[in-house]
Amino acid sequence: MGCKTNTLIVLLIVLLIVVYKWWQPTAGGTNPDVLPVVLWHGMGDTCCVPFSLGAIMSLIVEQTKGGYVRSLEIGGNPILDWESGFFIHPDKQVDWVCKQLLQDERLAKGYNAIGFSQGGQFLRAVAQRCPQPPMRTLISLGGQHQGIFGLPMCPTLSQKSCDYISRLLNSAAYSEEAQHNLVQATYWHDPIMENHYRLGSTFLANINNELYLNTYYVENLQKLKKFVMVMFLNDTIVQPKESQWFQFYTSGQDRIIQPFNESKAYQDLHLDKMESEGKLVFLGIEGDHLAISKEWFIKNIVPLLLEK
């Protein structure tokens, strides 16, 4: 019995050492000639898993020849970081991130940001609410900037848990309980009942200026050099997929997509001005949600990170 216990302890220690070695929220930092890059993971992911954002961090460091990369670890530990994707209100997360970025001296002169899935709209909230340190280019990979109306899959959750979340969103997304406890409810956008959405959404309706016109948000968003939106053309997770290009259903139904330049957010966030100035970039990629190859990333995203 004692031998087995000792073996388990040794294995646990080895596991902790291995985890500590690859669980690093920051990387690079030897090349001061390129802007730092901040990453925000999506639902069901974490900051530093080596086969996910950890690999992206390594790729960016390699392609920028030592550029500084920070992958946001929400709450400061792996457990909270994973939970944040489902159960910590975006406002709390954005507030925490803004404070962390302000304390990071390497970001003081500016940084580029890449948001993965819901991390895309969360980083846009950072750009709108926290102009210091300055975000230069925002790259949203599959972000849902006009929200979602459907949740067919829940990465890393059991089918039972996913079914429960889907039922809750469909029946009570704008209840106080759902808005407080479920991240996806805060950007659930019901096109059939637009007023319920605008009055009930505690995050997306706010950052999209749908409750009242917050000129501070507009001014800060205009400071971006570029706002790059990437849509996955065969997406089976984000509904509608066009939300990734800041589009959504025409109000009152859930079939026809409203043209980008006819949406309320287009005027209320002055996206028209950004478009006329060439700041908006729309990229499409064949494949399902976040199905990005190394080659595509190097060809389409890395050049944006190397711009002066």
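User: What makes the disulfide of cysteine 98 and cysteine 130 right-handed?

Analyst: The torsion about its S-S bond is about 90°, so the disulfide of cysteine 98 and cysteine 130 is right-handed. Cysteine 98 sits in helix α4 (residues 90–103), and cysteine 130 sits in the loop between α5 (118–129) and β5 (135–141), so the pair ties together parts that are 32 residues apart in sequence. Helices (H or I, at least four residues) and strands (E, at least two) are DSSP runs, numbered from the N terminus. This is a predicted model: local features need pLDDT of at least 70, side-chain atom pairs count only at pLDDT 80 or more, and totals for chains, interfaces and linings use all residues. Residues are numbered from 1 along each chain as its sequence is written, and side-chain values use heavy atoms, with hydrogens and water left out.

User: Why is the pair of cysteine 98 and cysteine 130 called a disulfide?

Analyst: A disulfide is a pair of cysteine sulfur atoms within 2.5 Å. Here the sulfur atoms are 2.0 Å apart. By this rule the count comes to 2 disulfides.

User: Which other cysteines form a disulfide, and what is its handedness?

Analyst: Cysteine 47 and cysteine 48 do, with their sulfur atoms 2.1 Å apart. The torsion about their S-S bond is about -95°, so this disulfide is left-handed.

User: Why is cysteine 130 called buried?

Analyst: Buried means under 20% relative accessible area, exposed over 50%, partly exposed in between (1.4 Å probe, protein chains only). Cysteine 130 has 17%, so the residue is buried. Cysteine 98 is buried too, at 9%.

User: How do you know that cysteine 47 is buried?

Analyst: Its relative accessible area is 0%, so cysteine 47 counts as buried. Cysteine 48, at 1%, is buried as well.
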